[in-house]
Amino acid sequence: MVRVSSREFEEQRRRLVERLSWEGVIRSEEVRKAFLKVPREEFVLERYRDEAYEDTPLPILEGQTISAPHMCAIMCEALQPKPGDRLLEIGTGSGYHAALCAEMVHPNGEIRGGIVVTVEIKRALANFARENLERAGYGALVHVIVADGSSGAPVRISFDKILVTAAAPSVPDVLVEQLAPGGRMVIPVGRFIQDLKLVYKSPEGEVYVRSLGGCVFVPLRGQYGF
């Protein structure tokens with residue numbers, strides 16, 4: 001098998017971003033820059049590297065998948081990560097989505113007071129993600145924690161943005177509580193028929209939920225999962 005060169009991967013990445021932009025999936029400059037920067041080939045299993053820029057989910061470890069690029073883009077556009085945000089991801093998986101978020105919270109690798117925390121319930125996946133993040137240059141920008149993410153992050157801070165990458169039975173109250181006033185959360189809800197939800201907490205603490213459309217995710221595990 002002939003290995004794809006880094007230059008070829010860059011070209012595939014550029015073409016994918018152009019396609020997702022043309023389709024209207026990528027709309028903001030921040031998301032476009034993040035997708036152009038993060039090397040998805042570093043977050044998939046070796047045997048799938050040549051398929052890294054196909055717009056499809058790919059198997060990783062523990063029966064889990066890395067989400068299709070278009071779904072990552074939809075979630076990032078809805079979440080709107082900004083420099084300096086405190087961002088929490090539930091379900092680290094391969095670490096790819098956390099790296100995209102890190103590019104927006106810490107543009108050009110600059111630490112501006114923000115933080116990206118990702119929680120993974122499966123230790124093997126957490127270790128896989130750490131290795132991927134380190135190899136891709138995001139090891140110092142993303143904090144990987146092994147814990148039951150359905151119960152929130154085991155830290156005593158609130159988050160401006162919360163990203164959930166597995167489908168929950170409903171929006172967990174504990175995650176809403178960990179969302180800061182003015183914050184946004186994106187979470188898939190449902191088992192067999194799933195709906196991607198955008199949760200907004202107003203500065204006054206009122207919570208609003210809006211549907212972003214159908215989706216397919218692996219089930220969320222843990223106390224408030226399936």
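Modeller: An axis here is a line fitted to C-alpha atoms, for helices over the stretch in contact, and angles run from 0 to 180 degrees between N-to-C directions. Helices (H or I, at least four residues) and strands (E, at least two) are DSSP runs numbered from the N terminus. The model is predicted: local features need pLDDT of at least 70, side-chain atom pairs count only at pLDDT 80 or more, and totals for chains, interfaces and linings use all residues. Residues are numbered from 1 along each chain as its sequence is written, and side-chain values use heavy atoms, with hydrogens and water left out.

Colleague: At what angle do the axes of helix H1 and helix H2 cross?
Modeller: Helix H1 covers residues 6-22 and helix H2 covers residues 29-37. Their axes come within 9 Å of each other, and the crossing angle is roughly 155°.

Colleague: How is H1 oriented to H2, in one word, and which residues of H2 make the contact?
Modeller: Angles under 35 degrees count as roughly parallel, over 145 as roughly antiparallel, 65 to 115 as roughly perpendicular and the rest as oblique. The crossing angle of roughly 155° therefore makes H1 roughly antiparallel to H2. Where heavy atoms lie within 4.5 Å, that is, in contact, H1 supplies Arg13, Arg14 and Val17, and H2 supplies Arg32, Phe35, Leu36 and Lys37.

Colleague: In what order do the strands of the open sheet stand?
Modeller: Two strands pair if DSSP finds at least two bridges between them. The open sheet has 7 strands, its pairing is mixed, and the order is E5-E4-E3-E6-E7-E8-E9.

Colleague: How many bridges join strand E3 to strand E6, and how many pair E3 with E4?
Modeller: Strand E3 (residues 86-90) runs parallel to strand E6 (residues 159-164), with 4 bridges between them. In that pairing Glu89 stands opposite Leu163 in E6. On E4, Leu87 faces Val116. E3 and E4 also pair in the parallel sense, and their bridges number 5.

Colleague: Is E3 mostly covered or mostly uncovered, and how many of its 5 residues are buried?
Modeller: Buried means under 20% relative accessible area, exposed over 50%, partly exposed in between, with a 1.4 Å probe and protein chains only. By that rule E3 is mostly covered, and the number of its 5 residues that are buried is 4.

Colleague: Which strands does helix H3 lie across, and at what angle to E7 does H3 run?
Modeller: Helix H3 (residues 69-79) lies across E3, E6, strand E7 (179-189), strand E8 (194-201) and E9.

Colleague: Which residues of H3 are buried?
Modeller: H3 is mostly covered, with 9 of its 11 residues buried. They are Pro69, Met71, Cys72, Ala73, Met75, Cys76, Glu77, Ala78 and Leu79.

Colleague: How do H3 and helix H4 pack, and which residues in H4 are met by H3?
Modeller: Two packed helices are described by the angle between their axes and the distance between the axes. For H3 and helix H4 (residues 96-105) the angle is about 40° and the axes are 11 Å apart. That makes H3 oblique to H4. Cys72, Met75 and Cys76 in H3 meet Tyr96, His97, Leu100 and Met104.

Colleague: Where is Glu62 found, and what is its phi near?
Modeller: Glu62 is found in the loop between strand E1 (58-59) and strand E2 (65-66). Its relative accessibility is 45%, so Glu62 counts as partly exposed. Phi of Glu62 is also positive in a residue other than glycine, near 60°.

Colleague: Is Asn132 buried or exposed, and with which residues is Asn132 in contact?
Modeller: Asn132 is found in helix H5, which covers residues 123-136 and lies across strand E4 (115-120) and E5, running at about 165° to E5. At 2% relative accessibility, Asn132 counts as buried. Leaving aside neighbours within four places in sequence, Asn132 is in contact with Glu42, Phe43 and Ser94.
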